[in-house]
Amino acid sequence: MELRPLTKIAIYSLLSVAALFWLLPVLWVVISALKTNSDLYSYPPKLWPHPVTFEHFKEAFSKGDFGLYFKNSTIVTLTSTLLLLLINSMAGFALAKYRFRGSSIILIGFISTLMIPIEVIMIPIFKVLSALGMYNSMLAIIIPPAATPTGVFLMRQYLLTVPDELLEAARMDGAGEWKIYWSIILPMAKPILAVLAIFSFMWRWDDFLWPLIAISDPAKYTIQLALSNFIGEYSVDWGSLLAMSVITMIPVLVVFIVFQRYFVSGMITSGMKG
Amino acid sequence: MKRRTNFKLSFSLVLIMSLIMLTACGNTDNSTVNTGSTGGAKQATLDFLWFSDGNEGEVIKGIIKEYEQSNTNVKINLIEVGFKDLQTKLKTMISGGKPPALSRITDTGSFANQAVDLTPYVESADQFEGQFIDSLKPYYVIDDKLIAAPMDVTANGLIYNKTLFDKAGVKVPTSPEEVWTWDEYIAALKEVMAKGGARYGMVWDVTPHRWSTLLYQNGGSIVTEDGSAAAINSEAGVRCMELFKQLHKDGIMPESVWLGGENPNNLFRSGTVAAHWAGNWMISNYKDITDFEWGVTYMPKGTQRSSVPGGKFLMAFKGSGNEQEAAAFINYLTSKEVNSKYNQESLFMSPRKDSSVLDYEFGKEMYEVFSDELKNTSPLAANDWSRQTLISKISTDLKNNIIDVLSDKATAQEAMDKTAKLINEAIGSQ
Amino acid sequence: MNGGQSLNRKKQTGQTRKLAIAPYLFILPNLLIFGVFIVIPSLLGLFYSFHVYDGLNPMKFNGLGNYIKIIGDKEFWSTIGRTGIYAAIVVPLIYAVALGIAMLLAREIKMRGLFRAIFYWPTMISFIIVGLTWKWIFGDSFGILNHMLTLIGVEPVGFLTSPFWANAAVIIATVWSRAGFFMVIFIAGLQAIPTDYYEAARLDGATGLKVFRHITLPLLKPTSLLVFMLSLIDAFKAFPLIFALTGGGPGKETTYIVQYIYEIGFTKQELGLASAMSVMLFVIIGGFSALQFRISKGGAV
């Protein structure tokens with residue numbers, strides 16, 4: 001669909017204004033990380049760092065083995081995301097395309113548990129983890145958080161739009177249920193899988209509570225766990241915190257930029273034309 | 001449909017990869033799960049929970065290394081978490097049946113029942129307690145049990161912007177004899193605002209703990225000396241509340257700190273505020289300020305002088321399986337030599353009577369002011385703040401009630417009465 | 001819509017049986033993990049809610065005591081009310097903003113990826129940094145907004161000290177930080193609308209708003225339900241960001257329910273009571289979700 005030039009201009013100016021509003025605070029974070037402490041706290045506020053300094057980055061990196069934390073976070077994030085994509089898409093498929101007893105109760109139950117503040121059930125979670133021998137194990141921060149209600153819900157709502165005729169046709173051809181899921185549903189769900197991959201990457205990369213509960217071995221620390229050390233009782237090391245926030249944003253941003261290209265139409269037709 | 005096959009192929013590939021990774025991580029976990037004893041000289045791994053404000057984390061790591069070298073059977077696993085997460089983590093570990101061997105801790109009272117009584121591990125309780133500043137005793141001796149050991153002591157105090165005071169030509173007290181009265185102090189701040197160009201006279205940390213300094217300087221307290229009833233709604237308490245409100249009304253203090261959540265530390269750093277009511281811990285934080293000169297002076301007196309003592313402690317926990325080793329390590333850390341080194345390098349004040357003068361590489365004269373504040377402190381301050389289970393129940397309400405007064409939702413008397421009622425309820429339920 | 005059932009009944013019974021078991025097998029891995037790590041601990045939390053418990057010392061059975069206390073706790077209900085109002089404003093706002101941006105960015109336009117990234121960016125900044133950032137903007141005496149106002153001769157505004165402005169600031173910061181997340185969901189939802197519907201509509205001569213009302217919105221129903229429910233839960237759970245921005249203040253003006261529960265459970269160390277409050281919240285939100293779900297028939301098109 002070609003857009004008229006006037007519409008085009010309108011769209012771009014609207015987007016640019018909104019984008020500016022969204023971008024300014026983010027830019028402030030990045031710029032602040034490059035400021036000296038005296039610029040960071042100066043009044044009237046300074047817009048531009050003078051001079052530009054990397055001292056916060058250096059200092060932050062000197063406060064822990066961040067190479068190791070990055071490695072741990074990467075392993076956890078990648079494995080957990082793959083697991084999440086698999087099990088959430090399976091569950092979402094079941095809830096969207098089959099009618100079975102308890103399906104809506106399961107879904108609503110799933111979603112409502114999002115409401116429980118995890119802090120309140122931390123002690124029982126710890127007990128379960130240690131009963132299963134998962135205390136101080138990376139598995140504890142990979143497996144449990146992968147079963148997200150949000151992911152299941154997201155998959156289900158998307159897959160609702162898959163025409164039933166498609167599945168029936170496949171069944172007529174003798175395809176099994178797993179085959180239908182694997183070779184019809186999954187390829188169709190690519191855009192939503194990309195969305196979920198982006199979300200899961202962010203959730204796990206920024207996860208703090210599960211590592212806090214489960215990990216006590218400094219060799220298994222994730223980045224977020226290490227970052228929280230910058231917050232003391234009386235003072236917060238804002239410089240280091242800003243610097244590390246900028247660095248930790250980069251992988252999430254890259255993943256987003258790569259995966260957002262898959263937000264394309266998965267279903268070319270409504271099935272009306274067969 | 002080539003793309004579809006590609007997608008499937010890559011999906012299965014990553015799936016397999018992830019499974020391999022999962023099993024790989026799974027395998028490496030078993031080696032570090034526990035710390036049992038294996039005959040002979042007992043090998044022990046001590047989980048040591050820790051939080052940092054400044055560089056004390058680095059200092060303790062150095063000390064741990066030395067300790068491990070001379071005690072080869074002991075390995076110390078320093079678990080660093082943020083301050084606000086320490087209590088949560090500690091609770092989870094204890095209730096989940098895996099307590100750490102020891103922890104750095106501020107709210108000793110909350111964990112009293114889970115703490116190892118250190119009495120059998122020290123020469124004698126009296127001798128041990130005699131080493132430390134007396135006002136700290138109620139924090140670590142509970143029901144005649146030695147539940148913790150002091151690592152450093154803190155004092156609330158007054159940090160001022162020397163550049164602004166000089167510009168206004170206002171002098172600060174340089175010896176305990178010259179201490180301001182509150183009226184003189186307020187007049188001084190007003191002058192610094194008028195002539196020195198300070199936007200605000202002072203900022204004050206948003207915690208009931210820092211607020212209570214004012215209370216003790218006017219002879220008030222949160223609870224009575226025997227702890228049986230609230231005392232905060234006394235005449236002194238109400239007068240303090242009114243003064244605190246007046247300071248806001250007159251624009252000496254910005255409302256944005258207590259009402260709007262602005263960070264007083266960051267405001268003082270901007271160089272436009274004449275004074276910051278904080279504590280000795282701020283010295284190391286402000287060390288890197290280059291835009292202006294700053295210093296520490298004596299807090300003004302009301303009916304008397306007072307600061308509020310506080311501190312960080314070390315606590316060992318029952319059921320870690322390494323109680324003895326933990327106690328031995330605590331003994332080591334509180335010994336004169338190690339404790340002085342720790343406090344000197346971290347820029348903290350030592351709780352030991354015999355190390356009150358340390359050779360700091362920065363701000364030595366400032367610490368002298370703080371330790372003088374501590375010597376001239378109302379005993380009611382420690383009496384209040386060592387009742388930590390009670391304090392934890394009422395501190396949020398106290399803060400909110402103070403804010404209610406500042407935002408004209410309640411009079412000073414109403415707010416203090418309301419707080420007193422909650423305090424009495426909390427005492428009654430214990 | 002009715003996947004399994006519309007299947008020709010005359011087909012061999014083997015397949016029907018397979019169809020009956022298949023969904024359970026598909027859901028099993030997720031359910032198993034969720035059951036072990038969330039449901040079991042939650043049931044233990046339910047157990048706490050009948051006790052006096054500080055998270056450390058032995059529990060004391062208290063029957064329905066905690067619940068009775070909550071029912072009479074004025075502050076609990078006023079906090080719920082305040083949270084409800086906040087949600088009632090923030091949810092539609094996020095919905096509209098996210099959908100608006102998504103519709104612009106679902107098109108084939110230049111630098112689409114860049115724009116998308118910009119809107120998504122705030123979602124990945126930790127809340128404590130978001131709080132610092134917005135404080136730097138809204139701060140009463142040291143914020144940049146007030147600094148600029150004074151430069152042009154306008155009286156500074158108490159953005160974080162006046163209840164009204166503090167709530168407005170919280171809402172702006174929330175929309176800013178969450179809209180990107182829901183924008184992504186909407187973009188995917190929009191892409192799932194088969195293009196031939198639009199073509200058909202165009203052939204019928206429908207344009208702009210009409211297409212939006214008669215094609216886009218109805219076909220977006222599954223996504224809309226999803227966004228509504230998730231953003232509602234989001235709003236009720238909004239705590240870390242707001243806490244970092246206002247600390248719940250001035251006073252309690254921006255203290256919402258999860259912060260209240262958190263203070264009871266952790267500052268005041270009454271974990272039993274906090275558990276009971278979580279149970280109440282779970283029931284309230286669960287009921288609300290079920291209702292929404294019923295009304296929209298699960299978002300079926």
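Me: Which residues of chain C does UniProt list for "transmembrane region"?

Reply: The model shown here is a predicted one, whereas the positions asked about come from an unreviewed UniProt entry. For chain C, that entry gives the "transmembrane region" feature at residues 21-50, 85-106, 118-138, 164-190, 211-233 and 271-291.

Me: How much of residues 85-106 and of residues 164-190 of chain C is helix?

Reply: In residues 85-106 of chain C the end C-alpha atoms are 31 Å apart, and strand makes up 0% of the span. In residues 164-190 of chain C the end C-alpha atoms lie 36 Å apart, again with 0% strand. The helix content is 95% for residues 85-106 and, for residues 164-190, 100%.

Me: How many helices and strands are there in chain C, and what percentage of its residues count as buried?

Reply: The C-alpha atoms of chain C fill a box of roughly 70 × 65 × 30 Å along the principal axes, and of its contacts with a separation of 6 or more, 66% are between residues 24 or more positions apart. Chain C has 13 helices and two strands, and of its 301 residues the part that counts as buried is 50%.

Me: Why does the distance between the end C-alpha atoms of helix 5 of chain C agree with its number of residues?

Reply: Helix 5 of chain C covers residues 127-138, which is twelve residues.

Me: Which helices do the buried residues of helix 5 of chain C pack against?

Reply: Helix 5 of chain C is mostly covered, since ten of its twelve residues are buried, among them C:Ile128, C:Leu132, C:Trp134 and C:Phe138. Their partners come from two chains: in chain C they are helix 6 (144-151), helix 7 (163-191) and helix 11 (240-246), and in chain A they are helix 1 (5-33) and helix 14 (238-259).

Me: How many helices and strands does chain A have, and what percentage of its residues is buried?

Reply: The C-alpha atoms of chain A fill a box of roughly 70 × 65 × 30 Å, and among its contacts with a separation of 6 or more, 80% are between residues 24 or more positions apart. Its secondary structure consists of 14 helices and zero strands, and the buried part of its 274 residues is 56%.

Me: What feature does UniProt place at residues 70-259 of chain A?

Reply: Residues 70-259 of chain A are 71% helix and 0% strand, with end C-alpha atoms 21 Å apart. Within chain A, residues 238-259, one of the spans listed by UniProt for "transmembrane region" in an unreviewed entry, are 100% helix. For residues 70-259, the feature in the unreviewed entry is "domain: ABC transmembrane type-1".

Me: Why is A:Leu86 counted as partly exposed?

Reply: A:Leu86 sits in helix 4 (residues 66-97) of chain A, and its C-alpha is 9.5 Å from that of A:Leu186, which is 100 residues away in sequence. A residue is buried if 20 or more other C-beta atoms lie within 10 Å of its own, and exposed if 12 or fewer do. A:Leu86 has 19 C-beta neighbours inside 10 Å, and therefore it counts as partly exposed.

Me: What handedness does the β-α-β unit of strand 1, helix 2 and strand 2 of chain B have?

Reply: Chain B has 18 helices and ten strands. Its strand 1 (residues 44-50) and strand 2 (residues 74-80) run parallel and are joined by seven bridges, with B:Ala44 opposite B:Val74. Together with helix 2 (residues 56-70) of chain B, these strands make a β-α-β unit that is right-handed.

Definitions and conventions:
Residues are numbered from 1 along each chain as its sequence is written. Chains are lettered from A and ligands numbered from 1 in the order in which they are written. This is a predicted model: local features need pLDDT of at least 70, side-chain atom pairs count only at pLDDT 80 or more; totals for chains, interfaces and linings use all residues. Helices (H or I, at least four residues) and strands (E, at least two) are DSSP runs, numbered from the N terminus. The expected span of a helix is 1.5 Å times one less than its number of residues. Two residues are in contact if their C-beta atoms, placed from the backbone, lie within 7 Å. UniProt positions are given in the numbering used here, feature names are shortened, and annotations may be inferred rather than shown by experiment. Two strands pair if DSSP finds at least two bridges between them. A crossover is right-handed if, with the strands pointing away from the viewer, the path from the first strand over the helix to the second runs clockwise.
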